[in-house]
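Thanks for passing this one along. Here are my notes, meant to be read with the structure open beside them.

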Amino acid sequence: MAEIAFLVGDVRLARNDNHRRLPEAFRSAGWRVSVLDQECVRLEPGGIRLGTDDPRRFHRLWLLGMGRAATFLDRMQLLRQLPQGRFVTSVDALLYLHAKYRWWRHMPETHASGDSAYLKGVLRSGGDWVIKPAAGSYGRGVRRLAAGPDGEAVIDALTASPGGYWLLQRFVPAIEHGEKRTLVAGGRLIGTYLRRPAADLRANLAAGGRAEPADLTERERALVETVAGELMAAGVGYAAVDVVWPYLMEANLVNPGGLGTLAELYGSDFGPAVVAALSAEGVPAGV
């Protein structure tokens, strides 16, 4: 029987139910499932352990979320010593691809810097812009800016704290009609819905956006499939791909929401499709 271990952070802080929905999907498909706290990762004389478990027993390891910031690098350095092919999303991907830099070629014109002078210089070039944290989530810190003293004051305020990088992107007017989120697993497209913004440009459901059923156009599907292939090649087995044609807005790979929303919108459980996609990569299904 195939076995999978989900390594979760503090579920009290979770914005979705992946920590329940995904284990249940694998359990229903006949996998033996363990749900472990990420803090259980440790080093013993015999090697890396997950609490009392030997990680070599698991066909799949799935990190849901980043866990505590204070122990993140230690956990990642330990987990990096395990075979990365067993991770749904590899340690390297979590370390190096969590921010929004990797897929900038598919995005609107994008600048990234912690230098307020540089960002203000970009703003002065004219047009409407959106500023957002490089590794943010749930729409936090996203602001629309235009050239002028008010926009520059926002940049100064956001970059005042040391160590923070910010993205400045050309505003895409079509975002006012919403963005399409597609969940992808194992390089396959699982399901799509529209996230329509409420009072501002943020379509995040956590920021008040609303979800509606939607289909991808032929060109949108081609873009999502391209990004899905790049994700797989980079060691990302599960992600949410957000597009506003003709642009990719984000590829969320840490613990993206959407399975619950798809179930509510379409009256169907998409969890089995995720299991099937990840099993198709060559991991024995055990059923």
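The numbered points below go through the sheet, the helices, the cores and a few single residues.

1. A word first on what we are looking at: this is a predicted model. Please read each value below with that in mind.

2. Let me start with the open sheet. Five strands make it up, ordered β12-β11-β10-β13-β14, with antiparallel pairing. β12 (210-213) and β14 (247-252) each have a single partner strand, so these two stand at the edges and one side of each lacks a neighbour in the sheet. On average, neighbouring strands here are turned by 30 degrees against each other, direction ignored.

3. Helix α7 (residues 259-266) touches β10 (179-185), β11, β12 and β13 (238-244), and its direction makes about 75 degrees with that of β11. Helix α8 (residues 271-279) touches β10, β11 and β13, at about 140 degrees to the direction of β11.

4. Which residues of α8 are buried? They are G271, V274, V275, A277, L278 and S279. The cover over them includes α1, β5, β10, β11, β13 and α7.

5. Helix α7 also meets α1 (residues 18-28): their axes come within 9 Å and cross at roughly 75 degrees. That angle makes α1 roughly perpendicular to α7. At the meeting point, N18, R21 and L22 from α1 face L259, G260 and A263 from α7.

6. Now the nonpolar cores. The largest has 37 residues, and L50, L79, W103, L231, V241 and L253 touch the most other members. At least two residues each come from β1 (3-8), β4 (47-50), β5 (60-64), α2 (72-79), α3 (91-96), α6 (218-233), β13 and β14. The biggest giver is α6, with five residues. Apart from this core lies another, of 25 residues, including F6, V8, A25 and I190.

7. Setting aside neighbours within four places in sequence, L79 is in contact with L7, V41, L50, L63, Q84, F87 and V91.

8. Strand β5 is mostly covered, as five of its five residues are buried. R60, W62 and L64 point one way from β5, while L61 and L63 point the other way. Five bridges join β1 to β5, and this pair runs parallel. Within that pairing, I4 has R60 in β5 as its bridge partner.

9. Is D242 buried or exposed? D242 lies in strand β13 and is buried, because its relative accessible area of 0% falls under the 20% cut-off. Its side chain makes a polar contact with the side chain of R181, at 2.8 Å. Not counting residues up to four places away in sequence, D242 touches E179, K180, R181, R195, Y247, L248, M249 and E250.

10. One last item for your backbone checks: the peptide bond joining W245 and P246 is cis, with omega about 10 degrees. P246 sits in the loop between β13 and β14.

Note on methods
Residues are numbered from 1 along each chain as its sequence is written. This is a predicted model: local features need pLDDT of at least 70, side-chain atom pairs count only at pLDDT 80 or more; totals for chains, interfaces and linings use all residues. Side-chain values use heavy atoms; hydrogens and water are left out. Two strands pair if DSSP finds at least two bridges between them. Helices (H or I, at least four residues) and strands (E, at least two) are DSSP runs, numbered from the N terminus. Axes are lines fitted to C-alpha atoms, for helices over the stretch in contact, and angles run from 0 to 180 degrees between N-to-C directions. Contact means heavy atoms within 4.5 Å. A nonpolar core is a set of buried Ala, Val, Leu, Ile, Met, Phe, Trp, Tyr and Cys residues joined through side-chain atoms within 4.5 Å. Buried means under 20% relative accessible area, exposed over 50%, partly exposed in between (1.4 Å probe, protein chains only). A polar contact is a pair of N or O atoms within 3.5 Å; within protein, one must be able to donate a hydrogen and the other to accept it, and residues adjacent in sequence count only if both atoms are side-chain atoms. Angles under 35 degrees count as roughly parallel, over 145 as roughly antiparallel, 65 to 115 as roughly perpendicular and the rest as oblique.
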